[in-house]
Amino acid sequence: MRAIYFEEFNGPLTIKDLPIPTPNKDSVVIKVEATGLCRSDWHGYVGHDTDIKLPHVPGHEFAGTIHAIGENVKNFQLGTRVTVPFVNGCGTCTYCKSGNAQVCPTQTQPGFTQFGSFAEYVEIKNADFNLIKLPDEIDFNTAAALGCRFATAYRGLTARAQLRPDQVIAVFGCGGVGLSAIMIAKAIGAKVIAVDINESALNKASELKADYIINSKSEDPVKKILELTENHGVDVAVDALGSEITANQSVNSLKRRGKHIQLGLLLTKDGRTPIPMARAIAYELDLLGSHGMAAVDYPGMLQLITSGKLKPAELITNVISLEEGALQLKNLDQAPISGVTIISTSK
């Protein structure tokens, strides 16, 4: 099989011919039809993720059909159209049994703890627990766009922040995660303030019906948000980028008893990020993390997509080949992201 492959962090990326994986008794091998190109893949490529063992094949947002199946897999058949959360649970621990496989202590992650989906085939362990059947109405590109970005934003806003239609939310960073959050918040009925430094990202946010647009390169977003909310602040704020600046802006833009959701990865050298805790105490703020979404939670999101209330396909801005994917992955930190790029293994 053809796969994007690297032998050293931040080193050469090549298209390599590798053996097709063989499933164990509880796993399946999926023929990858579409896979999303995500900034998390770049973080892994440059060595920010300690789970990666070299050499490696990245990629963690994908959809396809079951190519081979283990003898113990009962709920799926060859040829079934499927997608998978980027966090795969063991299925037996207390977290998995409570419906929270996204924090399973022994989780596996394609593209991080094992070879990923920037390839023609990928193996998924504990298949009966982790696989999700795709409705016929959802094509492979759309399913791959759900990936970590859309699903993480969906669970962050619905399960963690419990966003309501009468609330105001600020989204800091309008890349894949941020645009997903905007789309989901609008589907819920909330008012959305979109914040970014990139005009093309803000234009996309405007297309997705964000109520207010703030270019934080030209004006102070916290000051502007307070002005827009009559000095109260927002009910919910999301750091969808993952930086000390945006995380602090998110916290400082909240009203009293508001909720900050950290969706973007905060990758500092010492693993710490200064946060205005005095504000969190005085305002009784909730500071919440959200790490993907378990397979058990997908049906509700898929139903909203098949009903037409959520349209993640609108986030797809480009469909490219594996060769183009290797070129884009290397420079992903330098390119502004205003949507979702999909790698098609058939291109």
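Tutor: A residue is called buried when its relative accessible area is under 20%, exposed when that area is over 50%, and partly exposed in between, as computed with a 1.4 Å probe on protein chains only. This is a predicted model, in which local features need pLDDT of at least 70 and side-chain atom pairs count only at pLDDT 80 or more, while totals for chains, interfaces and linings use all residues. Residues are numbered from 1 along each chain as its sequence is written, and side-chain values use heavy atoms, with hydrogens and water left out.

Student: Is Cys148 buried or exposed?

Tutor: Cys148 counts as buried, with 7% relative accessibility, and Cys104, at 2%, counts as buried too.

Student: How many salt bridges does the structure hold?

Tutor: Side chains of opposite charge can pair when their charged atoms come close. A salt bridge is counted when a side-chain nitrogen of Lys or Arg is within 4 Å of a carboxyl oxygen of Asp or Glu, and the structure holds 9 of them. One of these joins Lys31 to Glu33, with 3.4 Å from N to O; Lys31 is partly exposed at 32%, and Glu33 is partly exposed at 22%. Another joins Arg164 to Asp166, whose closest N and O atoms are 3.2 Å apart; here Arg164 is partly exposed at 44%, whereas Asp166 is exposed at 57%.

Student: By what part of a helical turn are Lys224 and Glu227 separated?

Tutor: Helices (H or I, at least four residues) and strands (E, at least two) are DSSP runs, numbered from the N terminus. Lys224 and Glu227 are 3 residues apart in helix 7 (residues 221-228), and are therefore separated by about one helical turn. Their salt bridge has its closest N and O atoms 3.2 Å apart, with Lys224 partly exposed at 22% and Glu227 exposed at 53%.

Student: Which side chain of opposite charge is nearest to Arg81?

Tutor: In counting charge, Lys and Arg are positive and Asp and Glu are negative, while His and the chain ends are not counted. Arg81, found in strand 5 (residues 81-83), is buried yet has no salt bridge, and the nearest side chain of opposite charge is that of Asp136, 4.3 Å away. Contact means heavy atoms within 4.5 Å, and the residues that Arg81 touches, not counting those up to four places away in sequence, include Gly64, Ile132, Asp136 and Phe140.

Student: Which residues are buried in helix 11?

Tutor: In helix 11 (residues 322-330), the buried residues are Leu322, Gly325, Ala326 and Leu329. They cover an arc of only 100° around the axis, which puts them on the same side of helix 11; the arc is that of the directions from the helix axis to the C-beta atoms. What covers these residues includes strand 1 (2-5), helix 1 (39-46) and strand 15 (340-344).
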